[in-house]
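Open the structure in your viewer and keep the selection tool at hand. The stops below go from a helix to the cores and then to the ligand.

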Amino acid sequence: MHPDPSTPTLSADADWWREAVVYQIYIRSFADGNGDGVGDLAGIRSRLPYLAELGVDAVWITPFYPSPMADHGYDVADPRDVEPVFGDLAGFDALLADAHLLGLRVTIDLVPNHTSDHHEWFRAALASPPGSAERARYLFRDGRGPDGAEPPNNWPSVFGGPAWTRVPDGQWYLHLFAPEQPDLDFTNPEVLADLETTMRFWLDRGVDGFRIDVAHGMAKPEGLPDMVPTSDTGLLADHGPGDLRFDQDAVHVVHRRIRTVLDEYPRSMAVGEVWVSDDARLAQYLRADELQLAFNFKLLSAEWEPDALRDAVTHSLAAVAETPAPACWVLSNHDRSRHVSRYGGGPVGLRRARAAALLQLALPGAAYLYNGDELGLPDVDLPDEVLQDPVWERSGRTQRGRDACRVPVPWSGSEPPYGFSSRRDTWLPMPEGWAGLTAEVQAGNPASMQSLYRSALALRRSSQAFTGDLEWLPAAEGCLAFRRTGGLACLVNLSGAPVPLPEGRVLLASADVGGGTLPDDAAVWLHA
Ligand code: NOJ
């Protein structure tokens, strides 16, 4: 059952993803179809027309597979089924069919690095003795020190605490994330074969591609030696070559296998979550027989500061320059503080986020939006007692984790749950004061963030100006200016004062440019 290439509303373009705008749906928080306070597939299906109208090309849906939710779905108990909280396989098929009819591609998360501790393989491993075939799918090792009471090496879990947990018979198993997320051993052929089975399962149903979780993490070094000691576990940064948990050369064997499967399904693709900051190392994941895209996280990591932003763009373009891949830009996702908040919050954060949207969407390559970017959602200050991210407990309540950026999306109405659910009591509480941020209110306001995104996406889709390479232009101190070969010019002002508009016809601006100047913290698109 291969996807039907004759589906009328999807282009036959094999490389549709090269310039695509992909909308990330954090499923728990997008739309609740059954009134249990948690987003689900039915909710997504009901909001597909909104996404089509917004003007995105594709969606990426975060994990919706059976899961005990120790890491909200990134602990997968069965990668080839649907978690009942989110719906069922028939509901997924219906969503997929509707999306395709609306011209939207559907990509889904693939979580190869680890399973849930509820996965049948892990249960079998626990029930089997050290040295058994069941244990060999994971990374079980004897401990160090007297009686093996010390973990096998010094690796920290990304979520805090050691990356090892001891089982009753004395052995330890590796988990780079929570103890409920045991790492698989990719040197075991059965593990790689199972990943392939999972890919085919979803590709045969018609999905258009995958976002690959921890795509730099599947391979572990021979002998699992100690890494460079660190007090920072790496939740917010990669530590480079001394961090032996990630970016091992053998990971490319896995990516080549993934690509071999994708190549059997025309128009399918994969984007990798590759937290590797070295340009040359990142480029290796984008070789012709590996990933089509890797998130260029430098833009997401950059401060709102002209040199930092220019550097992020330059490095991201340099990283892909010698590869077949385009760049892939992201400002926010479900793991990081939302950019409205990162850029200062309040009216300043919003102004900058508007400008950043025009910056992101003017750059060559693919762009990923996180649900709520188009509404200008900020992080939410949540009280301790509602925090759910495992990071909070694992860090001994020193890091609040990622819940602040995962609060459900406000759709309509003047108080929680703002049309997200029929139930007020949502999985993370929604704040008072979001009435002006709902999708419904913003749709009726030409000055809203949503209207800016709609205009920007429509222009990007319809105009030839958005084609070709990027060339930096001379710009006033504190400003960024560049041009695409197709004719688009983009100016971003971070100088602290208004600057004169350059020559050209204004296509879109993030702030009022009526007086012939571009205000501070604003961006403009011009046709040169
Ligand atoms: C990256 C995902 O984006 C994050 O949410 C998750 O916690 C880890 N990978 C572990 O799967």
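The expected span of a helix is 1.5 Å times one less than its number of residues. Helices here are DSSP runs of H or I with at least four residues, numbered from the N terminus.

This is a predicted model, in which local features need pLDDT of at least 70 and side-chain atom pairs count only at pLDDT 80 or more, while totals for chains, interfaces and linings use all residues. Residues are numbered from 1 along each chain as its sequence is written, and side-chain values use heavy atoms, with hydrogens and water left out.

Select helix α12, residues 346–362. Its 17 residues should span 24 Å at 1.5 Å a residue, and its end C-alpha atoms are 25 Å apart, which agrees.

Next, select Tyr23, Leu51, Phe64, Phe92, Phe210, Tyr368 and Trp525, which have the most contacts inside the largest nonpolar core, a set of 146 residues. Such a core joins buried Ala, Val, Leu, Ile, Met, Phe, Trp, Tyr and Cys residues through side-chain atoms within 4.5 Å. Helix α12 gives this core its largest share, 8 residues. A second, separate core has 18 residues, among them Leu139 and Phe177.

Last, select the ligand. For His114, the corresponding distance to a ligand oxygen is 3.0 Å.

Conventions. Buried < 20%, exposed > 50% of the residue type's maximum accessible area, 1.4 Å probe, protein only. Helix = DSSP H or I, 4+ residues; strand = E, 2+ residues; numbered from the N terminus. Polar contact = N/O pair within 3.5 Å; in protein donor to acceptor, adjacent residues only side chain to side chain.
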